[in-house]
Amino acid sequence: MSRFYITTPIYYINAEPHLGHAYTTMVADAVARAHRLMGEDVFFLTGTDEHGQKVERAAQKAGLAPRAFADRVARSFEALLPEINASNDDFIRTTEPRHYASVQALWRSVRDNGYIYKGKYEGWYCTVDEVFVPETQLVDGRCPTCGGVVEKISEESYFFKLSALQQPLLEHYRSHPEFVTPAARRNEVMAFLEGGLEDLSVSRTSFTWGIPVPDDPAHVMYVWFDALTNYMTAAGYGSDDPLDQARFEKFWPADVHLIGKEIVRQHAIYWPAFLLAAGLPLPRQIVSHGWWLMEGAKMSKSKGNVVRPHDYIARFGLDAFRYFVFREMVFGQDASFTDEAILGRYKADLANDLGNLASRVVTLLHRTCGGRVPQPSPALLARSEERAVLDAASALVGQVKAAIGTFQLSVALRDIWELVGLTNRYIVAREPWKLAKDPDRRAELETSLFVPADALRVIAELLRPFMPTTAGRMLEMLGCPAHPASWSTLAAGTLQPGTALGQTAPLFPRIELTVEALRDMAHEPTASSTASPAKPAPQAAPAAAPAPAPAATPAQEAPVAEQISYDEFMKVDLRVAKILEAERVPKSKKLMKLRVDTGLDTRTIVAGIAEAYEPEALVNRTVAIVFNLKPAKLMGIESNGMVLAGSAEGGRPFLVGFETDLPPGSRVR
Ligand code: MSP
């Protein structure tokens with residue numbers, strides 16, 4: 001059995017996961033699932049990148065030791081995986097002992113082969129991207145990649161002889177044109193390589209949160225040397241256990257490192273260079289996708305323009321969310337995430353095209369064929385309309401496999417929807433509901449329902465990697481076995497006549513969401529069940545309470561935040577404030593702009609109480625606020641603090657009040 005090893009980048013743990021992270025993992029998941037269906041032995045890896053200056057600083061800020069901080073934040077990345085139905089086989093954390101052993105083994109190999117020497121690094125460093133930036137590449141004195149502030153560093157450092165590997169790398173690129181894809185990224189890497197390579201600083205001495213350099217623990221390894229090695233660690237590298245060693249033999253080199261386009265250089269130059277220096281085989285392919293943009297800019301935590309997957313999954317259901325991101329982003333290009341687009345695709349592609357097709361066919365079969373797959377007539381199946389649908393279904397298997405082979409998930413889904421459209425048109429043309437009224441046309445009726453049912457079966461089997469739950473439900477409705485059919489034998493025409501069908505259930509229920517409601521949701525406090533350690537889920541429901549989930553989604557249990565100490569609680573500065581002015585935020589149903597007297601200043605707070613209170617009823621009210629909450633922009637208005645309110649699950653918020661009017665500024669504890 002051939003094997004297939006696919007990885008995602010390991011994610012930095014300085015912020016909560018957002019759509020960007022979830023996207024890479026979902027794409028890798030779809031590809032991994034497809035390869036399993038093609039009969040391969042798949043190993044799918046994801047994980048977290050936990051060392052380095054950025055994480056050390058985030059931990060300091062949170063008042064925690066780096067390891068304790070890492071343990072807490074890594075959990076939110078792990079918790080995302082079941083939420084997006086990721087079928088990963090392993091989750092690696094770079095703070096695990098197995099990884100220390102592996103990275104140190106790689107370092108020793110590279111060093112013993114003469115590629116590491118000691119020197120002094122003087123220059124610029126971007127902590128956001130964890131990269132050294134040559135002075136010539138600074139843009140207005142800032143990092144050319146993220147635009148962030150760079151710091152001057154000057155310290156003893158080990159260097160990796162990257163310059164010595166320029167020619168071997170170029171040769172590899174010339175003999176393996178598919179090594180980096182898409183071609184635009186490969187061309188950038190080639191241009192960079194041809195421009196010559198400088199040796200790379202691979203250790204730091206000015207902080208300690210990293211893997212110690214073997215035999216010189218005053219140095220910790222450069223976080224990218226550490227991080228990239230995760231791909232080998234999880235396969236078993238650096239372990240004494242014969243089972244791990246056998247696994248490494250089997251799965252290394254990886255087939256695909258799937259990454260976002262901003263980390264191509266580390267994967268396409270540094271990583272193969274480290275491996276060449278150690279005499280190890282190189283991964284087969286580095287596949288890079290584009291960025292999710294919001295209002296034209298890369299979605300990122302630092303810009304605060306992120307889509308929180310949970311918000312959309314709770315409203316549309318997971319498979320609809322997966323469908324949307326796979327369908328919307330053309331491989332290699334950037335894509336904008338808009339509420340209009342996800343609503344539009346939900347209604348048109350999912351509820352209307354696919355959902356209606358499935359429920360129409362299965363309902364008709366229940367009504368006219370006793371709830372069983374009918375026996376088609378061979379003569380009628382030979383007609384051109386029937387052949388067109390069944391031939392298209394058989395051809396689709398190859399098309400989808402090919403599209404997945406080149407990571408064109410949007411093309412695979414577009415092709416599947418071609419068949420959905422063709423099948424819908426077939427039914428409209430054959431009008432089985434009319435045939436059902438005429439007993440003499442029984443054979444025509446049965447054939448005209450067998451054809452779309454069989455096409456739906458192929459569609460469902462091909463949708464498994466993209467929308468696993470929906471595909472399973474479709475197959476259940478069609479009475480097909482729960483275990484996946486292998487794609488190697490998948491073809492049209494094999495639905496078994498006589499099979500009892502399952503019950504019809506709407507795949508994509510009608511939802512009453514509007515673009516405005518979705519826009520408001522983006523400004524609400526996190527509704528994620530993956531409680532952020534840096535920002536714990538508030539206990540008292542914040543005034544901007546999340547909208548109740550639509551009927552389509554199973555009720556989610558309210559997340560309970562973990563215990564905190566008295567000292568941690570006392571960090572929240574709760575105070576009495578008096579509302580001076582109140583007005584609704586234009587274009588928002590939920591948000592109210594308040595001017596409050598806090599006793600120490602007057603400030604603006606935007607609160608999600610507009611559905612529950614009239615502005616006039618708020619003026620002069622005494623409320624409790626979080627005084628020391630970092631400012632945040634809600635619908636373009638800077639909000640400085642939070643007004644406390646309580647609400648029953650899904651109910652209206654009620655402001656927290658006092659038995660007597662306390663003066664503004666009084667502490668609340
Ligand atoms: N820790 C490094 C990677 C080390 S791999 C050995 C890192 N981590 S990260 O948390 O910043 O995650 C980067 C990855 O997240 C990107 O490569 C991409 O896969 C994904 N995305 C983050 N933001 C994104 C978008 N806005 N759009 C699409 N994906 C992006 O870099």
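# Legends to the close-up views

**View 1. Shell around the ligand.** The shell around the ligand holds 12 nonpolar, 9 polar and 3 charged residues (Ala, Val, Leu, Ile, Met, Phe, Trp, Tyr, Cys and Pro count as nonpolar, Asp, Glu, Lys and Arg as charged, and the others, Gly among them, as polar). The model is predicted: local features need pLDDT of at least 70 and side-chain atom pairs pLDDT 80 or more, while totals for chains, interfaces and linings use all residues. Residues are numbered from 1 along each chain as its sequence is written, and side-chain values use heavy atoms, without hydrogens and water. Of the 24 residues around the ligand (a heavy atom within 4 Å), those that come nearest are I10, T24, D49, G260 and W292. At least two shell residues are supplied by each of β1 (3-12), α1 (19-37), α7 (223-228) and α8 (230-233); helices are DSSP runs of H or I with at least four residues and strands runs of E with at least two, numbered from the N terminus. With 4 residues, β1 provides the largest share of the shell.

View 2. The ligand taken alone exposes 670 Å², of which the protein buries 95% (Shrake-Rupley method, 1.4 Å probe; for residues, only the protein chains shown count as cover).

**View 3. The open sheet β5-β4-β6-β8.** Four strands stand in the order β5-β4-β6-β8, with antiparallel pairing (two strands pair if DSSP finds at least two bridges between them). β5 (131-133) and β8 are the edge strands; each has a single partner strand, so one side of each has no neighbour in the sheet. The antiparallel pairing of β4 (residues 116-126) with β6 (residues 151-160) runs over 10 bridges. Opposite K152 in β6 stands W124, and opposite S154 in β6 stands E122. β6 also pairs with β8 (residues 200-201), antiparallel over 2 bridges, and here F159 stands opposite S201.

**View 4. The side chain of E155.** E155 is found in strand β6. Its relative accessible area is 7%, so E155 counts as buried (under 20% is buried, over 50% exposed and in between partly exposed, with a 1.4 Å probe and protein chains only). The side chain of E155 reaches the backbone nitrogen of T205 at 3.0 Å. A further polar contact, of 2.6 Å, is made with the side chain of S206.

**View 5. The open sheet β15-β14-β16.** The strand order in this sheet of 3 strands is β15-β14-β16, and the pairing is mixed. β15 (297-298) and β16 (335-336) stand at the edges, and each pairs on one side only. β14 (residues 292-294) and β15 are antiparallel over 2 bridges. M294 has A297 in β15 as its bridge partner.

View 6. Most residues other than glycine have a negative phi, and most peptide bonds are trans. The bond between T181 and P182 is cis, with omega about 5 degrees; P182 is in the loop between β7 (180-181) and α6 (183-194). A cis peptide bond also leads from W252 to P253, with omega near 5 degrees; P253 is in the loop between α9 (242-251) and β12 (256-260). F407, not a glycine, has a positive phi of about 65 degrees and lies in the loop between α15 (384-405) and α16 (409-430). F407 is buried, at 7% relative accessible area. N620 has a positive phi near 75 degrees and is placed in the loop between α22 (615-618) and β20 (622-626).

View 7. The chain is divided into domain 1 (3-289), domain 2 (337-523) and domain 3 (554-655); the bounds come from an automatic or database domain assignment. Between domain 2 and domain 3 the C-alpha centres lie 47 Å apart. A348 is in helix α13 (residues 339-368) and counts as partly exposed, at 34% relative accessibility. From A348 to P168 the separation is 180 residues in sequence and 51 Å in space, C-alpha to C-alpha.

Definitions and conventions. Polar contact = N/O pair within 3.5 Å; in protein donor to acceptor, adjacent residues only side chain to side chain.
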